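Below are some notes for a colleague who is opening this model for the first time. They are meant to be read with the structure on screen.

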Amino acid sequence: MNTLMRLRKSLLAALLILLVAGGGVSRAKQSGGSRTGTEQGDLPRIENAKVERRNVAGTLAVTMADLEKGATGPVWVGYGVVAVAGERSICCGNDSDSSAQRCGKCALETDRDGQNGTKAANGDNHTDSHSGANQGAVKLEGGQRLVVLFRLQDKHLTRVKVASEDCVLDAGGLPFIWLTEVKPAESVAVLSAYVREGIADGGEKHSIGNEALTAIALHDGQEAEGALESFTAPAQPEELRKQAAFWLGAARGKDGFTVLQRMAKKDPSTEVRAHVAFALSISKEPAALEEMIRMAHEDESGHVRGQAIFWLAQKAGKRAISAIDNAIASDPDTDVKKKAVFALSQLPKDEGVPKLIQVAENNRNLEVRKQAMFWLGQSQDPLALSFFEKVLVK
């Protein structure tokens with residue numbers, strides 16, 4: 001059960017990473033005035049800010065270094081890049097996956113950032129406002145632009161955020177510098193440096209590194225693909241490999257699946273391979289299911305096989321159920337068999353309960369039969385109750 005709780009917490013944390021700053025429709029304001037769509041060009045809709053446009057001077061890395069050095073008070077810096085194709089929702093203070101509505105406004109200066117920015121880097125990538133205007137989601141589809149945002153204060157970076165281009169950004173009265181002519185490759189390089197700094201430093205920079213990784217994952221292009229793949233190298237820390245694996249499954253399509261497949265077969269860490277099973281479960285690539293089934297059958301670690309079976313249960317379907325049945329019948333590890341029984345309990349009741357009854361009646365392993373009986377009792381299904389009545393009257 002402890003393993004189950006850890007898995008559920010891991011899933012929740014992973015999903016929360018997806019719910020990053022969101023979209024909406026409003027008028028951008030600059031120095032108290034408004035700008036038309038034609039006038040603002042690629043500038044997002046910004047409120048409550050004095051907005052300054054700047055061209056990148058030299059490279060983005062040099063520009064950001066100069067901006068950090070000059071940031072004595074809090075300031076927001078942002079720019080736009082093409083977003084990776086897909087239908088993920090970018091939300092603001094909302095854990096719904098609905099895309100039927102659009103967010104009203106994304107407050108960049110939230111209570112959790114603190115009025116002076118001292119709580120800025122907490123590792124979350126979504127704002128915490130709960131007003132009715134912040135409900136809903138915006139889809140990022142092919143060709144849509146992604147807004148990358150940096151909060152600077154006391155001559156260093158305190159936060160990285162992302163938002164869709166049609167989001168209304170409320171800067172909380174702070175200066176806002178919008179950079180133009182940003183090259184996507186330079187954006188990925190700058191963000192990658194923040195990721196590496198976070199690994200080396202820990203603490204506040206660790207949170208910034210995770211936020212920068214999220215931004216990279218939502219960039220379109222081979223540069224972002226290559227950066228994510230580089231973070232999966234066996235020499236990288238396990239936690240970074242896990243986070244990169246998540247985004248490869250969640251956002252990077254076929255190319256991401258190819259990297260996950262390699263990790264599933266070659267990563268030396270059982271913990272990382274177990275997390276790869278989860279990343280495969282959220283991939284939309286059809287071949288991901290086949291790789292999960294292979295992991296459930298073939299991985300040398302019982303822990304990894306058990307995790308693959310657990311995530312197969314979340315996908316259900318005939319192929320997944322067949323793999324779970326096979327684990328109960330053939331896996332040499334009793335713990336894996338018990339995890340497979342639990343996986344049956346996660347299936348829709350009309351599929352899972354009959355199979356649990358079959359295991360409880362026929363499996364030769366006493367521990368496995370006990371596990372099936374336990375989950376039947378938890379189901380409170382009428383078919384399970386009838387089974388218990390039949391057993392008790394014998």
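This is a predicted model: local features need pLDDT of at least 70, side-chain atom pairs count only at pLDDT 80 or more; totals for chains, interfaces and linings use all residues.

How close do the axes of helix 14 and helix 15 come, and at what angle do they cross?

1. Helix 14 and helix 15. Helix 14 covers residues 349-362 and helix 15 covers residues 366-379; their axes come within 8 Å and cross at roughly 145°. The crossing is left-handed. On the side of helix 14, the contact is made by K349, V353, L356, I357, V359 and A360. Helix 15 contributes V368, R369, A372, M373, W375, L376 and S379.

2. The nonpolar cores. L376 is also among the residues with the most contacts inside the largest nonpolar core, which has 95 residues. Another core, of 16 residues, lies apart from it and includes V51, L108, V147 and A171. In soluble globular proteins, nonpolar side chains tend to be buried together.

3. An open sheet is formed by 5 strands in the order 4-12-5-9-10, with mixed pairing. Strand 4 (50-55) and strand 10 (156-164) are at the edges and have a single partner strand each, so one side of each is left without a neighbour in the sheet. From one strand to the next, the twist averages 25°.

4. Strand 5. With strand 9 (residues 145-153) it pairs in the antiparallel sense over 8 bridges. Two of the bridge partners in strand 9 can be named: V148 for Y79, and R145 for V82. With strand 12 (residues 175-180), strand 5 pairs in the parallel sense over 3 bridges. There, W178 is the bridge partner of G78.

5. Y79. Leaving aside residues up to four places away in sequence, Y79 touches L60, L146, V147, V148, F150, W178, L179, V182, S187 and L191.

6. Strand 9 and strand 10. These two strands pair in the antiparallel sense over 8 bridges, and R151 stands opposite R159 in strand 10. They form a hairpin with 2 residues between them, and D154 in the turn has a positive phi of about 50°. Although strand 10 is an edge strand, 8 of its 9 residues are buried, so it is largely enclosed by the rest of the structure.

7. Helices on the sheet. Helix 3 (residues 60-70) lies across strand 4, strand 5, strand 9, strand 10 and strand 12, and runs at about 165° to strand 12. Helix 4 (residues 184-201) packs on the sheet as well, touching strand 5, strand 9 and strand 10, and its direction makes about 130° with that of strand 5. Helix 4 has 18 residues and reaches 26 Å from its first C-alpha to its last, close to the 26 Å expected. Its buried residues are S187, V188, V190, L191, S192, Y194, V195 and G198.

8. S301. Is S301 buried or exposed? This residue lies in the loop between helix 10 (287-298) and helix 11 (302-315). Its relative accessible area is 12%, and buried means under 20%, so S301 is buried. Not counting residues up to four places away in sequence, S301 touches T270 and R273.

How values were computed:
Residues are numbered from 1 along each chain as its sequence is written. Side-chain values use heavy atoms; hydrogens and water are left out. A nonpolar core is a set of buried Ala, Val, Leu, Ile, Met, Phe, Trp, Tyr and Cys residues joined through side-chain atoms within 4.5 Å. Buried means under 20% relative accessible area, exposed over 50%, partly exposed in between (1.4 Å probe, protein chains only). Contact means heavy atoms within 4.5 Å. Two strands pair if DSSP finds at least two bridges between them. Helices (H or I, at least four residues) and strands (E, at least two) are DSSP runs, numbered from the N terminus. Axes are lines fitted to C-alpha atoms, for helices over the stretch in contact, and angles run from 0 to 180 degrees between N-to-C directions. The expected span of a helix is 1.5 Å times one less than its number of residues. A crossing is left-handed if the near helix is turned anticlockwise from the far one by less than a right angle, and right-handed if clockwise.
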